[in-house]
Amino acid sequence: MSETLPTAVAGGGIVGLACALLLNRRCDWEVAVVERSVPGRSSGRAPQRALTLSPGAAEVLAECGLRHNGSAHSGRGDAGAFGEGATPLVPGGHAFSRMVVWRGDGPPAPGNSITFDAAELGVSALGCVAREEPVRRALWELASACPGIHLRSGAALESLEIKEECGVMRLEDGSEMAAELLVGADGGNSSFRQSLGIGFDSQSYGQRGLVFEAESASSGGETAWQRFAGGGTLALLPLSATRWSIVWSMPNARAERLRKLDETDLAEALNKASASVAGELVPATPIASFPLRRGAAARICGERYALVGEAVRVVHPLAGQGLNLGIGDADALARVCAGRGNAMIGDARALARFARERARYGHEMSFGIHAINAAFSGPAAPLATRGMAAADRLPPLKRQLAARAMR
Ligand SMILES: Cc1cc2nc3c(=O)[nH]c(=O)nc-3n(C[C@H](O)[C@H](O)[C@H](O)COP(=O)(O)OP(=O)(O)OC[C@H]3O[C@@H](n4cnc5c(N)ncnc54)[C@H](O)[C@@H]3O)c2cc1C
């Protein structure tokens with residue numbers, strides 16, 4: 001085993017990489033990142049997951065060094081997290097300024113919908129839609145160029161041991177890595193969490209999230225749409241004026257049927273479900289399918305370790321908040337560590353503040369998302385629709401809801 005580093009992160013997804021960059025920048029700590037896969041370029045037509053990033057998450061990624069086009073980052077308060085004119089600061093990102101959520105037959109209308117508008121809320125954009133892979137690749141490149149960050153790709157964590165002076169990660173190739181603080185960012189099926197014997201209370205939704213891209217002939221792109229229908233949710237997230245990421249969650253059996261449709265029948269089903277709010281859509285990539293579940297870890301930190309991202313909790317994608325929560329974890333962990341300094345590195349008392357902050361916020365969000373899914377997919381759906389439409393006429397409540405989602 002070589003020297004003991006200040007920090008080592010298991011998992012080089014977006015959350016793990018953001019965490020490594022923030023710990024290095026804010027605390028000036030050396031960080032090792034162990035990532036099972038070898039990040040490479042994605043192949044042309046392969047389906048890619050697109051993510052909706054909140055302004056708060058985009059701002060944290062900008063602090064990590066992400067810039068869309070080299071433009072100066074203007075910060076909170078003036079042009080907002082997306083820069084002048086809502087230019088996204090995330091590679092390949094597309095900012096949107098309106099979001100319409102509705103339930104019912106046909107298109108959205110007063111009485112069945114709620115609309116969030118950036119101008120009304122006094123912000124430059126509500127969020128930004130970006131494909132996962134370019135964002136992750138850009139963070140990987142930033143981390144590789146950073147002298148204080150040591151990346152090990154193609155290496156997987158097998159087990160770990162917490163000792164008095166440090167934590168030790170054992171990798172599948174037999175090597176070991178010691179650090180004063182170990183961070184588990186290895187996703188929903190975290191080996192890190194399992195090695196520590198931390199329970200994960202998990203429950204399947206009996207649904208799958210189908211993800212693909214579609215093209216529309218008419219130009220739009222400033223609005224993100226979401227419709228509750230048929231026991232599921234359809235989200236149309238703009239990747240450009242004419243390109244859309246479709247995230248369609250529905251019961252397993254229906255998802256299986258939909259996946260088998262040919263392109264013409266899939267287009268027909270999509271246009272019917274979207275009520276053509278984004279114009280006539282033509283599917284443009286194969287469908288990727290994700291099983292949906294919710295879950296939460298029994299503990300998120302202790303002596304010499306902390307968990308972040310999906311290793312902490314998994315939420316339904318209907319609110320587009322999973323990654324935003326993970327980036328919030330990375331931000332909070334680096335803030336707490338920077339406040340306590342080198343003497344307290346890996347100390348459970350110092351990490352307890354991180355746990356208090358994230359456990360409460362994570363539970364609230366996770367419960368809220370679960371409640372929305374239950375309300376709109378069960379017998380109370382008409383009541384939930386009326387509540388949503390009533391909230392549309394209450395600007396202060398709308399501002400509160402938007403402020404939560406934009407953190
Ligand atoms: C259909 C769908 C749509 C979604 N849409 C949104 C959205 O719009 N907005 C949003 O905020 N969130 C969204 N999410 C959630 C979001 O995708 C996840 O929350 C986020 O990607 C989790 O990031 P992570 O870094 O924690 O985990 P991951 O992305 O899973 O990264 C974990 C990393 O750890 C590595 N790893 C795993 N095991 C090991 C090991 N033993 N050793 C070393 N490395 C290991 C993996 O290779 C991976 O790179 C969506 C999810 C789904 C399913």
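Two residues are taken to be in contact if their C-beta atoms, placed from the backbone, lie within 7 Å. In this predicted model, that criterion picks out the packing of α8 on α9, where Leu325, Asp329, Ala332, Leu333, Val336 and Arg340 of α8 meet Ala350, Leu351, Arg353, Phe354, Glu357, Arg358, Gly362 and Met365 of α9. The residues of this contact divide into eight nonpolar, one polar and five charged.

The geometry of the pair can be followed from the axes: α8 and α9, the latter a helix of residues 348-377, pack at an angle of about 160°, with their axes 9 Å apart. Because angles over 145 degrees count as roughly antiparallel, α8 is roughly antiparallel to α9, and α8 passes α9 in a right-handed crossing.

At least two residues each are supplied by α1 (14-27), β2 (31-35), β3 (50-53), β12 (200-216) and α8 (322-340). There are 33 residues around the ligand, of which Gly11, Gly13, Gly187, Gly309 and Gly322 come nearest, and by class the shell has 13 nonpolar, 15 polar and five charged residues.

Strand β3, one of the contributors to that shell, belongs to an open sheet of three strands with the order β3-β7-β4 and antiparallel pairing. Since β3 and β4 (94-96) stand at the edges, each with a single partner strand, one side of each is left without a neighbour in the sheet. The twist averages 25° from one strand to the next. Strands β4 and β7 (residues 127-131) pair over three bridges, with Phe96 having Gly127 in β7 as its bridge partner. Helix α4 (residues 132-144) packs on the sheet, touching β3 and β7, and its direction makes about 85° with that of β7.

How values were computed:
Residues numbered from 1 in each chain as written. Predicted model: local features only at pLDDT ≥ 70, side-chain atom pairs only at ≥ 80, totals over all residues. Near = placed C-beta within 6 Å. Helix = DSSP H or I, 4+ residues; strand = E, 2+ residues; numbered from the N terminus. Nonpolar A, V, L, I, M, F, W, Y, C, P; charged D, E, K, R; others polar. Axes fitted to C-alpha atoms, helices over the stretch in contact; angles between N-to-C directions. Parallel < 35°, antiparallel > 145°, perpendicular 65-115°, else oblique. Left-handed = near helix turned anticlockwise from the far one by under 90°. Pairing = 2+ DSSP bridges.
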